[in-house]
Amino acid sequence: MSQTQDCPHEVCSTLPLLTVQMSTEREYDCIVIGAGVQGSFTAYQLAKNNKKTLLLEQFVLPHTRGSSHGQTRIIRKAYTQDFYTHMMEECYVLWAQLEREAGVKLYRQTGLLVMGPENSNNYQLIRNTLQRNKIPMMTLTHDNFSQHIPQMKLAKGYEAVVDITAGVLYADRALSTIQGQFQRLGGIIKDKEMVTDIKPGPVVTVSTNAGVYRAKSVVITAGPWANKMLAHTGLQLPLEVVKINVCYWKEKVPGTYNVKQRFPCFILTEGEESNEDIYGLPSNEYPGLVKICYHMGSKTNPDQRDMQTDRSDIDILQCFIHRCLPGLIPEPAVVEHCMYTLTPDRHFVLDCHPNYRNIVIGAGFSGHGFKFGPVIGKLLCELSLGQEPSYDLSPFQIRRFQAQTKSVL
């Protein structure tokens with residue numbers, strides 16, 4: 001009997017301690033919402049700054065529902081704007097640093113072939129940016145093109161330049177690597193936790209389907225779900241989510257377009273088929289298949305991505321491949337999917353919430369953000385900590401939208 005009588009007192013005496021432990025376990029310096037490449041690098045940078053950081057992800061990791069999955073991405077300094085080229089200088093350094101830290105190969109140099117009409121504005125801007133920033137490059141004309149890249153045809157009136165230091169990032173490997181490094185620094189990842197509410201304040205409260213957490217600051221890097229998260233804070237940005245068909249095309253002769261045959265990554269700035277970019281990477285992830293995609297898609301709901309079945313981009317790619325890549329069968333062998341979250345000007349959003357300075361937003365990466373992950377993570381970390389950003393963020397500020405930004409309160 002005495003044991004039965006004593007038991008309730010023992011339980012009661014431990015309750016305050018349990019409550020304190022549960023409370024502190026759910027309190028953080030920063031919570032990052034979205035464990036794609038930008039959120040994962042942000043969490044890593046915060047942990048490097050000795051901040052107790054929680055990284056939340058709505059899906060079970062790894063997953064293929066967002067914008068950071070897939071085996072490869074192009075890494076390049078070839079841009080129409082200097083500010084991207086300048087940011088990429090540091091990105092290369094930080095990718096190499098991560099390779100050394102983790103002992104993992106994440107990058108392979110292949111060069112990037114940029115093609116466009118000689119009088120094309122976009123093509124000329126890219127060539128001029130490379131020259132102005134003294135990026136190692138090589139110009140190819142219609143006369144000497146086939147000597148260097150015999151697997152491809154350059155249309156008459158077109159010119160090409162090679163960004164020599166460009167190449168391929170191993171995307172899935174990079175994402176798992178940075179998440180692993182974050183955890184080694186003491187960071188906590190909780191996947192399969194969908195955020196259901198965000199309550200702003202000096203301490204931000206984040207509710208999920210599994211718990212409630214508090215932090216001095218929150219970083220929202222939710223990709224296609226950015227506006228869904230921002231709605232909790234009374235803000236909507238002019239973001240458009242599109243579904244991309246990621247297409248792989250079979251070589252007629254295996255190995256023709258392999259990186260070992262010195263076939264580079266490429267971008268066609270505009271062509272007979274379209275005004276949007278067409279880009280490709282040498283055969284790598286699937287033996288004998290070359291990844292070639294159209295840099296635009298059709299509007300979709302991220303929660304119902306695969307209900308969007310438009311294939312007009314594939315028609316464009318088939319015409320391009322038939323015309324310029326005679327060694328490929330002009331019918332996709334594999335079609336995978338991802339999503340872009342587009343801003344009207346295709347520049348990123350890297351800024352503090354206009355009403356809550358301790359809520360930081362990284363969004364609208366517009367299909368070209370992956371390679372910037374290390375620097376974007378650093379910048380979002382700096383904003384979260386109230387530090388002076390390492391770069392001029394005026395091209396990425398929310399106020400540039402003004403009339404297109406809505407309050408939902």
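Reader: Which residue forms a salt bridge with Lys-216?
Author: The partner of Lys-216 is Asp-29, and their closest N and O atoms are 3.1 Å apart. A salt bridge here is a side-chain nitrogen of Lys or Arg within 4 Å of a carboxyl oxygen of Asp or Glu. Please note that this is a predicted model, in which local features need pLDDT of at least 70 and side-chain atom pairs count only at pLDDT 80 or more, while totals for chains, interfaces and linings use all residues. Residues are numbered from 1 along each chain as its sequence is written, and side-chain values use heavy atoms, with hydrogens and water left out.

Reader: Is Lys-216 buried or exposed?
Author: Lys-216 is exposed, with a relative accessible area of 53%. Buried means under 20% relative accessible area, exposed means over 50%, and partly exposed is in between (1.4 Å probe, protein chains only).

Reader: How many salt bridges does the whole structure hold?
Author: A search of the whole structure gives 12. One of them joins Lys-228 to Asp-303, with 3.8 Å between the closest N and O atoms. Lys-228 belongs to helix 7 (residues 226–230), and Asp-303 to the loop between strand 18 (298–299) and helix 8 (312–324), so this pair ties together parts 75 residues apart in sequence. Lys-228 is partly exposed at 38% relative accessible area, and Asp-303 is partly exposed at 40%.

Reader: And which residues are linked in a network of salt bridges?
Author: Glu-272, Glu-273 and Arg-323 are linked in this way. Between Arg-323 and Glu-273, the closest N and O atoms are 2.9 Å apart. That pair links distant parts of the chain, 50 residues apart: Arg-323 is in helix 8, and Glu-273 is in the loop between strand 15 (265–268) and strand 16 (278–281).

Reader: Turning to the rings, how many aromatic pairs are there?
Author: The structure holds 20 aromatic pairs. Among them is the tilted pair of Tyr-84 and Phe-372, with 5.4 Å from centre to centre and 55 degrees between the planes. Tyr-84 in helix 3 (residues 82–102) and Phe-372 in the loop between strand 21 (359–363) and helix 9 (373–384) are 288 residues apart, and the pair links these distant parts of the chain. Rings of Phe, Tyr and Trp (its six-membered ring) pair if their centres lie within 6.5 Å; planes under 30 degrees apart count as stacked, over 60 as edge-to-face and the rest as tilted.

Reader: Are Tyr-84 and Phe-372 buried or exposed?
Author: Both are buried. Tyr-84 and Phe-372 also belong to one aromatic cluster, together with Tyr-79, Phe-83, Phe-348, Phe-365 and Phe-396.

Reader: A last topic: where is Pro-117?
Author: Pro-117 lies in strand 5 (residues 112–117). It counts as buried because its relative accessibility is 15%.

Definitions and conventions
Helices (H or I, at least four residues) and strands (E, at least two) are DSSP runs, numbered from the N terminus.
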